[in-house]
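Here are my comments on the complex you sent over. Please read them with the model open.

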Amino acid sequence: MKAVFISYNQSLTFEVQAILDKLSIRGFTQWMDIKGKGSDKGEPHEGTHTWPELNNAHLSMVEDEKVDLLLAQIKTLDEKVPAQGLRAFVWNIENSI
Amino acid sequence: MSLYSTAVKKPVSVIMIFLGVIIFGMYSYLNLPVDFFPKMDPPYISVMTSYTGANAEDIEQNITKILEDGMGTLTNLKKMTSTSKDNTSVIALEFEWGTDLDNATNEVRDAVSLVDKELPDDVENPIIFRLSTSMIPVMIMTASAEESYIGISDILDDKLIQPLNRIEGVGSVFMIGAPIRAININVDPRKLDAYQLSVEQIGQVLAANNINLPSGNLEMGKSDIPLRLEGEFENSSVIKNIIISNASGHPVYLRDVATVQDSLKDIKSYERANGHKTVRIMVQKTSDANTVTVANKIKEKLKKIKQTLPPDIKIETLLDTSLNTQASISNLTETILYALFFVVIVVMLFLGRWRSTLIVALSIPISLIAGFIYMYISSNTINIITLSSLSIAIGMVVDDSIVVLENITKKLERGGFARESAIYGTNEVSLAVIASTLTIVAVFLPLTMLGGMTGMIFKPLGWVVTIAIATSVIVALTLVPMLSSTILKYKEPDKNTFTGKLYFLSQAMLTKMDDFYENILKWAVGHRWLTIAGGTFIFLSSLFLLKFIGSEFMPPQDNDQISAQVKLAQGVKLDETIKTAHYLDSLFSAKYPEFTVVSSSAGVGDENSLASMFQETGNYIITYTIALKPFNERDRNIFEIGEEMRHDIEKLPEIEKFYVDPGSSKNQKMGGGSKMEVKIFGENFDKTNLVAEEIYNALKKIKGTKDLLISRDREKAEMKLLINQEKMTFFGLNTTMVANAIRNRITGLTATKYKEDGNEYDVIVRYDEKYRHSTNDIENISIITPTGKSVKVSEIAQLKHYYALPNIERENKQRLVKVSSAIFGTDLGSIQQELDKKLETMDIPDGVSIEYGGSIEDMQDSFSDLFMLMALIIILVYIVMASQFESLSEPLIIMFSIPFAFTGVFISLYLFNATINVISMIGMVMLVGIVVKNGIVLVDYINLLVDKGNSLKQAVIAGGRSRLRPVLMTSLTTILAMLPMIVLKGSGSETWRPMGITVFGGLIFSTVITLVLIPTIYTVFGVGKIKRQKKAIEQKTV
């Protein structure tokens, strides 16, 4: 099992959810209306008058064989709409109950 | 969950809610009555008191003064004017508009009853009379006839008046100038003297013979039959054969001493329509009925009635107040439709996509429909005010939708998905949209707080625009995102289709325009002091234009009516007056093809009729009421025609005074042109008369003054009979007997009533006409004394000429004379300025003071109200902006566009040859809110770019370029929505044209200036720089 953290422009909420559903990844934790800024490019998403956009984030525990599939689909989505802002990060699960 | 995300997620609910609104709106629209102006009760109450036998000065001192003192403290009393003339005192109380008149009437009643004790004993009780709009006739018709003229009164009563009276909403119908059948018995006084008879004796004989009496019962066998004696005249021809006396055994028949004519009552009046003998029929409505509905019902009924009338009776409409209303309303509706069309075209050109255009355009009908719902709920009517409010709103209700849609489209272009782009796109601009709408609300909501007559007019305007704009925000935040998420598609249009070609063409042109603007902006920012100096120069030089722009209270309105009054010398006989009337009748009918009905009346007519309240009557006065063809069917307006009529009337030497009143504004207070009035206060008649004469002459020399009148009439000639008491009592007579005797011989004695077909006609005995013409005739009147002797009037009384005191007018307890003038070819303000100059050189005696009244007074009152309002609105707009920007200086930068809006107003008023009046002032007030909106859009975006890290200059230029289209689009929609108001001509258009011109010119000019000057001033203030520095410091300290 790996933890996949997906941080994305709110505008992509529906699409991200669709990808997860398609891969039958049921479990997730979602944060709505959060701020974010890319490390090197892209507009900040701060929910202010200047930078009005905001992010949502998904944290899902994904079976190892699905991780690459998921990342690939997310990458395709990001490449389709590069200006929106979409990133995913994967790390190991040490333990769980 | 926010409003817009709910809306996007529940499209069916949103559609249903708006469908509900539309259905309710349609229902309201269909049930809304139509009227010309919003319902307003004129705040006037009059108190009339009669005191028989007292002259003007007695009346003034003993009645008017006492009543005035009693009523001085009434709540909301604005002005108290009074007229004291022989026998009557009339006090007119003017209250503030919007006063509860029921309360006011009660207060007046209380005040009158308090001072009642102080009035002389034999004064009749003061009558309190409340003027209401229902007194103004809805329709005036003329019925002209040839053969049937004699019986016209009965025919009309049966066939026209009764049926009309039964119509719901009709208050009363009455005839003016109807001939009344009467049996005239004209006696020859010499023959009477010869037979030792008197008028009274003839009267007694006639009355005693014309009678039916029950004479008991006759018992015959088993039956009991009532017995009646029938002496009533069977027909009018039997009267002349009645024996009135016996002279030495020979019977004296009535025909021996008099001629008997079954003809018409000798009414001292003259009524003609287009030269034919006529009767005027006036229809009043009940106060809660709607003019247009009532008029339509009357017209429908008239069609049926006309078929039942004898063929020679022609019914024509002289005045139909509903026609003008309907024409104005249909005109304004046309204006609104054109405005809608223009707005849609502008949006289509800028957006280039029909789906987007559709979404934006949808907000127009929905917002307007909300306006109708408001009108229905608040029991307003569809009138020229509420409709023009909608026409003003059209250009503004799309603004919010445009902003929202633009942001959603931007998101879609960047690859967003429909639903999310709609929700988050709306979210990002929702605050900005609400704030910029607040500035508009800050302008229109205070309009609802205006007082006075202007307040009554502009209250509905304020509400309707506020509600339409508020609805448009709701639409922009719900329906627009919802529709965007469902029907908006982002794809490059196909170059081969028509819409695709249009899209690429318009986008190419817009990009060129963007480039052009960017270059200008670059230059301006590079030469900012030169730019600012240029702007200041333009503004200051526009102030000089003010000298050439006239001012007035209300724009003159062509309402297809002209009235006129012609006065011959006082004391001229009706016959002479009729000659002049004949001449003028035929002249007017022949010379002016624009006239449809020329109705003239002269003489006193029925003194007691209601009509005499509306117009001054007298044997030497001819009154004209003229109906004209509708405005769009003629080349000249009523003012030009009126001016030519003045030239025609002037040529007649016998005419002493006259006025021509295009629009009949004297009676109705609305419509028509402005009136100049100078009030001269002072107790001394001679002094004030002199000053009035001087002002009259001064006004006469000023170009453009017409129909000059001094309100105080010259002293009028009267004859007085001075009775010698001693001689009178010697003959056993008293004053009443003498007075009655003379009255019976001159005016006539109504001896009895002749009955025919259930109607009664007076039988009037009096001297034949040729025996009541001169002072000699009066002196030769014989009166039979109680002892049976005959005495001539000359034996007991003397006839003397004397001059009666003029009417005494007062205002707020001070005597005054008014000099008034109509205006043609110039404006009120200019005449006032010229008169001011002349007044300075005049020598005004002590105890005399001068004030302006009439339209000038109204103008000053409402202008000062409007200036206050403008100050208030500027402050409110500043408050809204300052809190939106969280800055004190940025709103100031934006407000620089306001003076240039006024520059544009002055230029366009000058070019269109319009004046500054209440309507254009309201336009200027509205501009304050509309023009700052552009500035807000611009400055807000420049701020954004500065925050995003651009340099000041970069931000200004890029921001300007990027905001050019939204600014132009929202401005153009408003500007073009005004265009039909200016261009379309028709009934009622004159009223709204100044507003169209004001907003049109002001907005064009200020938009151009705003686009160049505001970014330039922004760089001068260097607001962006300071902000960035601040931020930098903050970041360092954190």
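This is a predicted model: local features need pLDDT of at least 70, side-chain atom pairs count only at pLDDT 80 or more; totals for chains, interfaces and linings use all residues.

1. The predictor gives the complex an ipTM of 0.78 and a pTM of 0.80. Please keep both values beside any figure of the complex.

2. **Confidence along chain B.** Chain B has a mean pLDDT of 84. In this chain, 95% of the residues reach 70 or more. Confidence is highest in α2 (residues 11-31) of chain B, with a mean of 93. It is lowest in α19 (residues 611-614) of chain B, with a mean of 46.

3. **Overall build of chain B.** Chain B has 1038 residues, and 45% of them count as buried. Its secondary structure comes to 34 helices and 30 strands. Along the principal axes, the C-alpha atoms of chain B fill a box of roughly 135 × 80 × 55 Å. Take the contacts in chain B between residues at least 6 apart in sequence: 80% of these join residues at least 24 apart.

4. **Strand β5 of chain B.** Is this strand mostly covered or mostly open? β5(B) spans residues 139-144, and six of its six residues are buried. The side chains split into two sets. B:Met139, B:Met141 and B:Ala143 point one way from β5(B). B:Ile140, B:Thr142 and B:Ser144 point the other way. Both sets are buried.

5. **Neighbours of β5(B).** Two strands pair with β5(B). One is β14 (residues 276-285) of chain B, antiparallel over six bridges. The other is β15 (residues 314-320) of chain B, also antiparallel over six bridges. In β15(B), B:Met141 stands opposite B:Thr317.

6. **The sheet of chain A.** Chain A holds an open sheet of four strands, in the order β2-β3-β1-β4, with antiparallel pairing.

7. In chain A, β1 (residues 2-9) pairs with β4(A) in the antiparallel sense over seven bridges. Within that pairing, A:Ile6 has A:Ala88 in β4(A) as its bridge partner. Helix α2 (residues 64-80) of chain A packs on the sheet. The helix touches β1, β3 (55-62) and β4 of chain A. Its direction makes about 165° with that of β4(A).

8. **Where the chains meet.** How many residues of chain B are in contact with chain A? There are 13, and they contact 14 residues of chain A. The elements that give two or more residues to this side of chain B are α13 (418-447) and α31 (918-947) of chain B. α13(B) gives the most, with five residues.

9. By class, the side of chain B that touches chain A has seven charged, three polar and three nonpolar residues. Please list these residues by class when you describe the contact.

Note on methods. Residues are numbered from 1 along each chain as its sequence is written. Chains are lettered from A and ligands numbered from 1 in the order in which they are written. A residue is buried if 20 or more other C-beta atoms lie within 10 Å of its own, exposed if 12 or fewer, and partly exposed in between; C-beta atoms are placed from the backbone. Two strands pair if DSSP finds at least two bridges between them. pLDDT is the predictor's confidence in each residue, from 0 to 100. Two residues are in contact if their C-beta atoms, placed from the backbone, lie within 7 Å. Axes are lines fitted to C-alpha atoms, for helices over the stretch in contact, and angles run from 0 to 180 degrees between N-to-C directions. Ala, Val, Leu, Ile, Met, Phe, Trp, Tyr, Cys and Pro count as nonpolar, Asp, Glu, Lys and Arg as charged, and the others, Gly among them, as polar.
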